[in-house]
Amino acid sequence: MIISGHTSVGKSVLAKNLKGNFEFSIFKSSDYLKEIARKRSLETDRRSLMRLGDQLDSETGCRWLLTAVEKFAATKNSGVPVVVDSVRNACQLKRFRQQTELEVTHVHLYTTRRVLYRRLAKRREDQASLLEFSNPQRIDFVESEEDIDSFKKDADIRIFTERTDADDTLTRVAAYLGLYPAPDLKCVDVLIGGQYGSEGKGQIAAYLSQEYDLLMRVGGPNAGHKAARELGKYTYHSLPSGCRESSGDVLIGPGATIHIEEFLKEVEECGLDSDRVFLAENVMVITEEDREEEERLVRAIGSTGRGGGSAAARRIMQRFDCPDGARLASSYKELEPYVKSTHKRLQQAYARGEKILLEGTQGSLLSLYHGPYPHVTSRDTNVAGCLAEAGIPPRRVNRVLMVVRFTPIRVQSPEKSTSGKLKHETTFEKVADQAGITEDLTAYEKTSTTNLDRRVGWFEWDSFRIACELNSPTDIVLTFADYHHADNRKARRFELMNADTIKFIEELERVAQAPVSLVNTRFPHDEDDPLDLRTAIDRRRWRTRVRRTDD
């Protein structure tokens, strides 16, 4: 691509934005002329470079720029686009149009002389130097208005930059070049819980994590996702599960909430470099005041008291009276290495065809809007809510994986009766007795964040169907299959599972109208268990493939 137009019309900024957003390589005409000038022991000021350009035009019949660009393009990997930040005259432009080796798109930028003078003036701090601008041709690489007229007629796209800023200009050029991915490109898989949370999403997300280029999480640190993989057991609160073992980029969506100290500690423990972590600037920071505010919810409804709900409320209520932007991530110096545009990284991923795993938190039946109010969380935990918090449009979704367990659980509140209803409440002793499990399950069944005891119930078919209607899952994931029958712990293939469990899975599929694609047979609890990673029976008829390559 080549750009034409007067000095200060926006050519260099457009070239830089194409590089930053779409990985173009920039060929700077002025830098090339400086290199030639040094070899010929000539001055490198603007006027001297203009004279050198005239001389090269004369020596080569205006071919020198095309030749230099061809050599530059040959040094780049195949498929890497090149932008030439300016052509100076119609003769140079003609040489580009006459050749067939390079595909050429010509973008011409223009504005009024009044705006041009104003922009030129801003480029000089010394007001005395404004005399230099009395005749723009003294500093303009464009030779004449005749050349400008030729540019106007030849341009594939022509943009009046007085009425657009740099981002507007980039948008119009990128659209013309077809740089934006098709809106129906489906490259996002969403993992959500189908019950009251604690379905084992973390273990499943960690199992899948190495198949994706990007791992993204929404929600807040009130939800802990426990996973046992190659590096041992770990509970993720702010980061996507499995990011310790994955090489993919890690994104925290703008609808999320974080606690700074805990976030930084988790990043360090997971061994993540700052260039891999993308923390949206609009992420809400949880304060100690937020946590103090939620103490009453701990007593009332069994809240984790981690401050996510209060922070979310503050985002709404303090929009106009909070001097630091309601304490968003972009306001904190210690978060600067991580605060980057998740929107731009997602757009880049779409364009590259990278695979994205979006990990939701908690469960469908804890949704603020669709759960049994008031025993709900502070957000919508269904797939639509997760997509909204991440900034991902529905048309990008390829698969929705909904995780359920045979025995849904709810957190036990301090008063032991106020954390919400289970339709068919039972005890872990009865679950263990029916499944043939000999050990005490209550020792394992603690909440990941607050370490509170859990309450347990038998499977709720009607609630499961409601979650299916809210999320339209393409795949069901069954976890804790050993709670259905202890023999499932030893199963490595589907047909080796207990016969009654297989019947239960078949009924899940009928109610959901979707296949049970993954079955987690057990969660490793003992110290030697993390080395045993064969706890997932993978029945998927699909696989993702990482596109990332290490350069």
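Biologist: What makes β7 and β10 a pair, and which way do they run?
Modeller: Four bridges join strand β7 to strand β10 (residues 249-252), and the two run parallel. Two strands pair if DSSP finds at least two bridges between them. Strands are DSSP E runs of at least two residues, helices H or I runs of at least four, numbered from the N terminus. Met216 stands opposite Leu251 in β10.

This is a predicted model: local features need pLDDT of at least 70, side-chain atom pairs 80 or more, while totals for chains, interfaces and linings use all residues. Residues are numbered from 1 along each chain, and side-chain values use heavy atoms, without hydrogens and water.

Biologist: What joins β7 to β14?
Modeller: Four bridges again join β7 to strand β14 (residues 356-359), running parallel. Leu215 stands opposite Leu357 in β14.

Biologist: How do you know that both faces of β7 are covered?
Modeller: In a regular strand, side chains alternate between the two faces of the sheet. In β7 (residues 214-217), Leu214 and Met216 lie on one side, Leu215 and Arg217 on the other, and all are buried. Buried means under 20% relative accessible area, exposed over 50%, partly exposed in between (1.4 Å probe, protein chains only).

Biologist: Why are α17 and α18 called oblique?
Modeller: Helix α17 (residues 461-471) and helix α18 (residues 499-512) pack at about 45 degrees, axes 9 Å apart. Under 35 degrees is roughly parallel, over 145 roughly antiparallel, 65 to 115 roughly perpendicular, the rest oblique. The two helices are therefore oblique to each other.

Biologist: Which residues make the contact?
Modeller: Contact means heavy atoms within 4.5 Å. Trp461, Phe464, Arg465 and Cys468 of α17 meet Phe504, Glu507, Leu508, Val511 and Ala512 of α18.

Terms used:
Axes are lines fitted to C-alpha atoms, for helices over the stretch in contact, and angles run from 0 to 180 degrees between N-to-C directions.
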